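Work through the exercises below with the structure in view. Try each task before you read its solution.

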Number of protein chains: 2
Amino acid sequence: VITQKSSGGFEDLDRMFAPASIAIVGVSSEGFGFGRGIFLSHLAIGYEGKLYPVNKRGGSIEGMTIYPSVEAIPDNIDFAIIAVPAHLVPSALEACRRKGAVGAEVLSSGFRETGTSEGTALEEELQVIARQGIRVLGPNCFGIYCPKSRLTMLPGPDLSREPGGVALLSQSGGLSVDFGYTGKWRGIRFSKVVSFGNGCDLRETEMLRYLRHDPETKVICMYVEGVSDGREFLAALQETAREKPVIVIKGGLSDSGSRATASHTASLGGQRVIWEAALRQCSATQVENFEELSDAALAFSLLPAGEYRGCSIVGGGGALGIAAADAAESLGIAVPRFRNDLQAAILDVLPKPGSSATNPIDIANPFVKPEHIREILLRASEDENIDFHIVIQLLYHYKSVKLTMGAGSIRDITPPYRELAKACREVVDIGKKPVVLVLPNIRQEEDDIEIEEIIRETRRLFTEVGMPVFDDVKNALRAIASVSRYYRRRKTLSISSSP
Amino acid sequence: VITQKSSGGFEDLDRMFAPASIAIVGVSSEGFGFGRGIFLSHLAIGYEGKLYPVNKRGGSIEGMTIYPSVEAIPDNIDFAIIAVPAHLVPSALEACRRKGAVGAEVLSSGFRETGTSEGTALEEELQVIARQGIRVLGPNCFGIYCPKSRLTMLPGPDLSREPGGVALLSQSGGLSVDFGYTGKWRGIRFSKVVSFGNGCDLRETEMLRYLRHDPETKVICMYVEGVSDGREFLAALQETAREKPVIVIKGGLSDSGSRATASHTASLGGQRVIWEAALRQCSATQVENFEELSDAALAFSLLPAGEYRGCSIVGGGGALGIAAADAAESLGIAVPRFRNDLQAAILDVLPKPGSSATNPIDIANPFVKPEHIREILLRASEDENIDFHIVIQLLYHYKSVKLTMGAGSIRDITPPYRELAKACREVVDIGKKPVVLVLPNIRQEEDDIEIEEIIRETRRLFTEVGMPVFDDVKNALRAIASVSRYYRRRKTLSISSSP
């Protein structure tokens with residue numbers, strides 16, 4: 001059982017996430033070790049404080065002296081990253097504490113997760129040192145990614161430098177860095193991503209409380225394998241979720257999954273039904289897997305707070321429009337007929353024949369001009385039963401169109417997506433209802449790379465102006481439904497708690 | 001109500017799917033119309049019979065004479081593709097019938113789906129002509145794709161020429177051609193893909209009976225918006241699903257989805273619970289959307305018939321292994337511990353430290369050699385509780401590895417996937433248990449195209465040797481669970497029907 005430090009104020013954590021200097025212990029002058037990797041990653045991402053590489057063999061790296069010991073560093077340090085073999089970690093941690101470090105992340109594995117008494121004893125040594133006054137993340141973790149202060153995690157040389165409002169607390173290092181990279185192209189920007197591995201000192205409950213009060217964090221994501229104190233955790237979760245959305249993946253809910261968490265981060269899994277009920281009770285948004293976590297984080301961070309009860313669906317046509325409508329209703333989102341006058345106005349803009357101005361709107365022709373999409377969406381925004389718009393663009397169709405027309409490049413015939421992004425942005429600004437873009441790609445042959453390139457470019461154009469992009473309409477709707485459910489519940493809670 | 005032709009034997013349909021000559025009515029000598037597109041597509045895909053382009057304005061296309069009328073064609077025809085404005089379709093169809101065509105597909109729209117009395121009357125005219133002795137697909141459809149006879153649908157110039165065992169019957173044209181293209185890169189190969197649109201003559205029930213008896217079709221997929229005779233359809237479905245797997249998407253089960261089917265193919269939707277119960281009763285495999293349809297078609301066509309109760313999960317490690325185990329168990333697939341002796345043998349092969357030989361197998365190091373994966377899978381195959389293997393390869397990790405190692409290209413450092421495919425193929429041949437590859441890609445930034453290229457190449461290497469590849473472990477498991485459920489049910493049915 002871990003004792004939470006009541007004395008450890010959040011000021012310490014603030015300093016840990018924005019250190020003026022970092023010692024990195026275990027940096028070889030060559031090779032591919034973790035220490036060298038994380039050192040180079042901090043140079044690559046542009047950390048602006050002082051970096052002190054340490055290795056008992058000395059040497060140099062990128063023209064900088066490697067100090068033979070932590071003691072040999074000529075100044076005090078704020079933070080430490082430790083990547084030496086497990087049996088050397090306690091003395092390194094103690095040395096960092098004496099050098100004034102407020103915290104350290106321990107990347108090394110070989111502790112409690114091994115299931116050995118040696119590993120457990122080593123981890124207990126870290127706990128003893130931590131209690132003397134240094135906060136510890138890990139061991140067996142990938143550390144912190146905090147773009148604002150240019151801290152990066154393992155292996156993250158090219159994570160985004162742009163800060164944002166999404167935080168992640170994760171026992172898994174792999175999931176943390178994957179989330180960081182996914183966020184980069186999906187347009188999720190981060191305040192703090194924290195991989196805490198075995199969690200010998202800092203872990204879920206305390207970090208959740210910290211993020212609750214962190215003004216830079218608007219949405220909290222969690223990957224939890226096991227918690228050290230269920231009651232405390234759920235209390236913290238409930239308090240936090242009243243103020244900020246908290247999205248949770250609970251891993252290890254099956255027998256074999258639970259067995260795997262033991263060797264992964266020495267955690268105990270728990271029972272599915274109990275977890276699900278508890279998370280619901282706390283108003284947390286439970287998601288099943290990594291993809292749903294990314295989708296939900298994107299929707300929560302880019303959509304305004306509020307309920308999303310009805311949507312318009314534009315484009316896609318035929319079976320895809322029907323699938324979208326079916327999916328929406330199964331998720332509790334209506335796809336209502338437009339008001340009669342608006343239907344007539346929309347039909348005016350649509351190409352004829354073959355189009356349909358009921359909802360979903362079947363745009364028969366793929367070549368609808370951005371200004372027409374703009375008009376359609378503005379009219380649909382006037383309908384009080386519409387809370388948001390889904391625009392589906394089947395960009396992959398242009399491959400066949402290209403072949404039929406004998407065009408040289410798909411780019412010669414695709415619509416001007418920069419203008420479409422601008423048009424959709426104007427719709428949001430004028431109509432005050434979010435637009436969500438869906439860009440599926442069913443043409444993934446080896447010689448179809450050009451389609452993928454255009455899709456990625458289009459996604460960037462939309463995310464740059466703050467509009468979420470999904471690759472599948474069902475995923476988009478599921479994420480938006482979870483946003484809606486959260487704010488509906490928060491409204492209910494605030495009503496029921498008022499006098 | 002449509003009368004099924006009892007006289008129309010399957011020989012007619014056989015000839016329709018393998019015509020020696022085709023008239024294509026509505027081929028302009030220039031422009032981008034449907035008729036010209038489908039004509040050029042048949043040239044591109046290499047149709048080897050005689051093609052007769054027809055247009056009342058005459059002219060020529062690709063050096064071939066365009067006949068001014070169907071009557072002007074100098075010989076009889078087997079089949080016709082009609083793409084003229086709706087009001088001209090009845091006379092064109094009648095002319096084709098007189099020219100001996102056994103069947104025709106009508107690509108034109110403007111019939112019952114318009115909801116107008118003119119459209120409905122025109123469609124009824126087609127039905128009258130059909131009863132006089134020509135089978136009609138459509139109107140408002142994309143036609144037939146049959147790689148064996150090099151028939152292709154709209155717009156399908158570059159669909160695969162390689163035939164296979166999967167058939168699709170679909171009211172939606174868009175879904176049909178999307179499925180054809182998805183199959184191309186996923187390794188699903190087709191016997192017959194049939195888009196029947198409004199289905200004025202040939203439609204779901206009769207076509208299903210035809211495919212039941214078609215020796216080239218092993219797996220039947222269906223996209224259904226509405227059926228013309230529910231009782232007959234369900235009877236045909238039940239008979240068919242006793243012999244071949246039938247995978248069904250039912251579109252239009254929501255209010256708005258149902259409204260959209262009316263304008264899409266003039267169909268009536270129906271109620272979700274009733275449909276779901278009926279499909280289950282018939283032993284059909286119901287899927288929710290296009291992605292699940294593709295996943296299921298791939299699994300049914302590449303995995304041997306049988307139950308899949310337990311699996312090994314190799315690679316991925318950490319959170320992904322746990323997620324895989326959780327997903328498997330929630331789908332009724334066990335991830336059992338290996339037999340003790342096998343666990344020891346597997347641990348012998350794994351890199352140390354950090355690996356785990358329980359199941360899921362956490363391969364700590366991404367650089368595990370193909371011969372070691374081979375050994376691990378062969379040992380796991382000896383376990384009687386293991387029915388198949390999931391191998392997860394996180395190829396995108398090599399981007400970070402590349403940056404850390406300063407390698408020039410990701411290809412310089414990725415494992416030899418050709419050898420891995422060969423090794424996995426040997427495992428299947430020796431151990432008689434299928435191997436399924438999962439290739440997720442969380443790095444989809446604009447400058448990460450190289451990762452996508454390598455993933456597509458790897459997918460091809462595996463599908464070329466008959467192993468299914470999925471992009472997500474949950475999708476793989478869900479598809480395999482549906483295969484297992486189908487064959488378990490078929491076994492139960494055959495037991496309960498024996499004396």
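## Exercise 1: A helix residue

Thr182(B) sits in helix α5 of chain B, which spans residues 173-186. The model is a predicted one.

**Task.** Decide whether Thr182(B) is buried or exposed, and list what Thr182(B) is in contact with beyond its neighbours within four places in sequence.

**Solution.** 
1. Take the relative accessibility of Thr182(B): 3%.
2. Apply the cut-off: buried means under 20% relative accessible area.
3. Thr182(B) therefore counts as buried, at 3%.
4. Now list the contacts, setting aside neighbours within four places in sequence: Ile442(A), Phe290(B) and Ser294(B).

## Exercise 2: Where the chains meet

**Task.** Describe the contact of chain A and chain B: how many residues does each chain give, and which elements of chain A give two or more residues to the side that touches chain B?

**Solution.** 
1. Count the residues: chain A gives 67 and chain B gives 67.
2. Take the buried area: about 5400 Å², with 54% from carbon and sulfur atoms.
3. Count the salt bridges across the interface: the rule finds 10.
4. Inspect one of them: Lys399(A) pairs with Asp158(B), with the closest N and O atoms 3.6 Å apart.
5. Count polar contacts: the rule finds 25 residue pairs across the interface.
6. Name the chain A elements that give two or more residues: α5 (173-186), α8 (255-265), α11 (318-330), α14 (397-405) and α16 (449-464).
7. The largest share comes from α8(A), with 8 residues.
8. Sort this side of chain A by class: 21 nonpolar, 22 polar and 24 charged residues.

## Exercise 3: The nonpolar core

**Task.** Which residues touch the most other members of the largest nonpolar core?

**Solution.** 
1. The largest nonpolar core has 192 residues.
2. Within this core, Ile390(A) and Ile390(B) touch the most other members.
3. Follow Ile390(A): not counting residues up to four places away in sequence, Ile390(A) touches residues including Val314(A), Val436(A), Leu477(A) and Ile480(A).

Definitions and conventions. Residues are numbered from 1 along each chain as its sequence is written. Chains are lettered from A and ligands numbered from 1 in the order in which they are written. This is a predicted model: local features need pLDDT of at least 70, side-chain atom pairs count only at pLDDT 80 or more; totals for chains, interfaces and linings use all residues. Side-chain values use heavy atoms; hydrogens and water are left out. A nonpolar core is a set of buried Ala, Val, Leu, Ile, Met, Phe, Trp, Tyr and Cys residues joined through side-chain atoms within 4.5 Å. Buried means under 20% relative accessible area, exposed over 50%, partly exposed in between (1.4 Å probe, protein chains only). Contact means heavy atoms within 4.5 Å. Buried area is the accessible area (1.4 Å probe) that two parts lose on being put together, summed over both. A salt bridge is a side-chain nitrogen of Lys or Arg within 4 Å of a carboxyl oxygen of Asp or Glu. A polar contact is a pair of N or O atoms within 3.5 Å; within protein, one must be able to donate a hydrogen and the other to accept it, and residues adjacent in sequence count only if both atoms are side-chain atoms. Helices (H or I, at least four residues) and strands (E, at least two) are DSSP runs, numbered from the N terminus. Ala, Val, Leu, Ile, Met, Phe, Trp, Tyr, Cys and Pro count as nonpolar, Asp, Glu, Lys and Arg as charged, and the others, Gly among them, as polar.
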